[in-house]
Amino acid sequence: MSNRPVLVYDGDCGFCTTCVRFVERRIRPRCTVSAWQFTDLEALGVTQERAEHEVLWITPAGTVYGGAQAVAKLLMSARGPWSVPGALLTLPPFRQAAHAVYRLVADNRHRMPGGTAACSLPAHLRP
């Protein structure tokens, strides 16, 4: 296990990749960023099914946060003002709203800027 948190995302999804590149350039979280397709998921204690379903934040101790809570942890790890919205996303009612928005975006990522029809397919059916 790394001494830094790991952000795991879907490297085959254009929308996900665009978001991660934005995060790396603008937010600059203190973590290792890795597409699940190039990650030893078993060593991180997560399944491919979960990695396909949502972005993951895995702490050095092995705690796994998914979806909106992974985004919250990512924001809280960043320098500057990003930690404030990250912390808010962990509190009710923001937590519930963040989860709903995350699922809406994730379920429709093929319709988002940078997304492709392949983004809507399970990994084993992608071209």
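How many residues does α6 have, and what distance does α6 reach from its first C-alpha to its last? α6 has 14 residues and reaches 20 Å between those atoms, close to the 20 Å expected at 1.5 Å a residue. The expected span of a helix is 1.5 Å times one less than its number of residues.

This is a predicted model, in which local features need pLDDT of at least 70 and side-chain atom pairs count only at pLDDT 80 or more, while totals for chains, interfaces and linings use all residues. Residues are numbered from 1 along each chain as its sequence is written, and side-chain values use heavy atoms, with hydrogens and water left out.

Helices (H or I, at least four residues) and strands (E, at least two) are DSSP runs, numbered from the N terminus.

**Helix α6**

Ala98, Tyr102, Arg103 and Ala106 are the buried residues of α6. Buried means under 20% relative accessible area, exposed over 50%, and partly exposed in between (1.4 Å probe, protein chains only).

**Salt bridges**

Side chains of opposite charge can pair when their charged atoms come close. A salt bridge is a side-chain nitrogen of Lys or Arg within 4 Å of a carboxyl oxygen of Asp or Glu. The whole structure holds four salt bridges. The table lists some of them.

| Pair | N to O distance |
|---|---|
| Aspartate 10 and arginine 109 | 3.2 Å |
| Arginine 21 and glutamate 24 | 2.6 Å |
| Arginine 103 and aspartate 107 | 3.0 Å |

Aspartate 10 and arginine 109 link distant parts of the chain, 99 residues apart. Aspartate 10 lies in the loop between β1 (6-9) and α1 (14-27). Arginine 109 lies in the segment after α6 (94-107). Aspartate 10 is buried at 3% relative accessibility. Arginine 109 is buried too, at 10%.

Where do arginine 21 and glutamate 24 lie? Both are in helix α1, three residues apart, about one turn of the helix. Arginine 21 is partly exposed, with a relative accessible area of 34%. Glutamate 24 is partly exposed, also at 34%.

Arginine 103 and aspartate 107 both belong to helix α6. They are four residues apart, about one turn of the helix. Arginine 103 counts as buried because its relative accessibility is 16%.
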